[in-house]
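Please consult the sequence and the model while reading.

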Amino acid sequence: MRDRIFHKRKSLRGLILIVSSLAVLVAALLFRDWRTPSPPQQEPTLDFSITQFEAIDGWADGGQGAAVPAFKRSCKAVTDRQDAAPMNRLEALGPGRFDVSLAGVAADWRAACAAALSAPDGIDDSAARALFEAHFTPVTILNVRLKKRWFGGYREVRETKGLLTGYYEPEFDGALAPTETAATPLLARPDDLVMAELGAFRPDLAGTRIAGRVVNGRLQPYETRAQIDAGALDGKATPLAWADPADAFFLHIQGSGRVNLEDGRVLRLGYDGQNGHPYTAIGRLLVEQGIMPLEDVSLQSIRAWLADAPPHEAKALMDANASYVFFRELTEVDDPALGPLGAQGLPLTPKASLAVDRRYYPMGAPVFVASSAPEGQGGADASFRKLMIAQDTGGAIRGPVRGDVFWGWGAKAERIAGEMRAEAEMTLLVPKPVAAALAGRDR
């Protein structure tokens, strides 16, 4: 009898211990601080996987012929480089990947560029596909990010999908002197603006830029958009033209544009510096303020809101983006069928030039994009499967699977670029010598 009582008590104590442990665990879960601490790595890093052309969605009808002229222009920028010159001096592949280069050196690109430069004008898609297949190997680009576990800590997640947007070259009416409607100056770069690429000082800061002015031997922040619009640079920066406030604002976002002057001339302006303040998307602010839902945000809806809002509210919203761009007159681009100069210093080609994060892509690299774009009937989304050339960058273009399509200029380009925001996969074409060095390194 005592043995049975003893065993019952022992079992009861065990049960109480288990229940107590569960209670402690539940209490810990209920009362723990669920605020997610900042992960060790804020931005996605890059990983890759070597693939085959036949595995690329849309490669067989990807309009490769249209990409060849843009690729030729990029190749001309490679011919003068030394063989050992890195194709991407800003390359940063993330923790544990620094011994791998997806860009290679100039010598790795010689054969592909020679073949492209010798290709006839007007090469068709079939011949263009054969050219790229003969000299390149496709590499699927992946985002590597840290995702919070529900019970704490983080795990690595590899994703093939990212974001594709569009940009364009604004075209609007302006004047060489201020008018009632064109009262906002488009400023040339001030003499005291200093811009620095921090990767030249510390490799771990590759791709990071700052700007400011030197005061008493120290680099100080430059004026914000609000301060500049209030006249902080009057007498220090030359107005190149004058525009409507909203037109000027969107010109700053796009970085270049065409100003139709009253005498019939067209003044082409291009990026020539930035004040160093981070870019703030005012569409996101409209969402955060409950003014419009995220799915309704587009260039067109933002323009409409600015036009309808009281002037002081419209100005306050634009001033919330402290970033400010300075311009210069573009005299190098004499072909009106081409866009402005991109980050590679070459004219952009509509629907063939792509802006990327240059920490992960070498300028001039072919990139196959699989996504959708609002260019169907009535602006409906249509399949977008196209080979493009990485020839530009942008302040908002951050991350391995992140692209921005250059659509050209005019009302149609503005509409498509303004509405485009789609999930995308990106496949980088690397020269075969680079692919040989990558063999066995992909995951």
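Does Val194 count as buried, partly exposed or exposed? Val194 counts as partly exposed because its relative accessibility is 33%; buried means under 20% relative accessible area, exposed over 50%, and partly exposed in between (1.4 Å probe, protein chains only).

## Basis of the model

The model is predicted, so local features need pLDDT of at least 70 and side-chain atom pairs count only at pLDDT 80 or more, whereas totals for chains, interfaces and linings use all residues. Residues are numbered from 1 along each chain as its sequence is written, and side-chain values use heavy atoms, with hydrogens and water left out.

## Overall architecture

The protein chain contains 11 helices and 18 strands. These elements are DSSP runs numbered from the N terminus (helices H or I, at least four residues; strands E, at least two). Of its 443 residues, 46% count as buried. Among contacts (heavy atoms within 4.5 Å) with a separation of 6 or more, 75% are between residues 24 or more positions apart.

The accessible surface of the chain comes to about 22400 Å², and carbon and sulfur atoms hold 54% of that area. Accessible areas come from the Shrake-Rupley method with a 1.4 Å probe; for residues, only the protein chains shown count as cover.

## Nonpolar cores

A nonpolar core is a set of buried Ala, Val, Leu, Ile, Met, Phe, Trp, Tyr and Cys residues joined through side-chain atoms within 4.5 Å. The largest one has 75 residues, and Phe71, Phe132, Leu354, Val369 and Trp407 have the most contacts inside it. Leaving aside residues up to four places away in sequence, Phe132 touches Phe53, Trp59, Gln64, Val68, Phe71, Pro366, Leu387 and Leu429. Another core lies apart from it, with 12 residues that include Phe172, Ala248, Leu261 and Phe327.

## Enclosed elements

Strand E17 (residues 402–409) is largely enclosed by the rest of the structure, because 7 of its 8 residues are buried. Strand E4 (residues 161–169) pairs with E17 in the parallel sense over 6 bridges, and Leu164 has Gly403 as its bridge partner in E17. Strand E14 (residues 353–355) runs antiparallel to E17 and is joined to it by 2 bridges; here Leu354 stands opposite Val405. Strands are taken to pair if DSSP finds at least two bridges between them.

In helix H9 (residues 311–319), the buried residues are Ala314, Leu317, Met318 and Asp319. Their cover includes helices H5 (225–229), H6 (245–254), H7 (282–288) and H8 (299–308).

## Salt bridges

A salt bridge is a side-chain nitrogen of Lys or Arg within 4 Å of a carboxyl oxygen of Asp or Glu, and the count comes to 19. Arg110 forms one with Asp83, the closest N and O atoms being 2.9 Å apart. This pair links distant parts of the chain, with Arg110 in helix H3 (residues 106–117) and Asp83 in the loop between H2 and H3, 27 residues apart. Arg110 is partly exposed at 27% relative accessibility, as is Asp83 at 47%.

Asp247 and Arg303 form another salt bridge, with closest N and O atoms 3.0 Å apart. Asp247 lies in helix H6 and Arg303 in helix H8, so the pair ties together parts that are 56 residues apart in sequence. Asp247 is buried, with a relative accessible area of 15%, whereas Arg303 is partly exposed at 23%.
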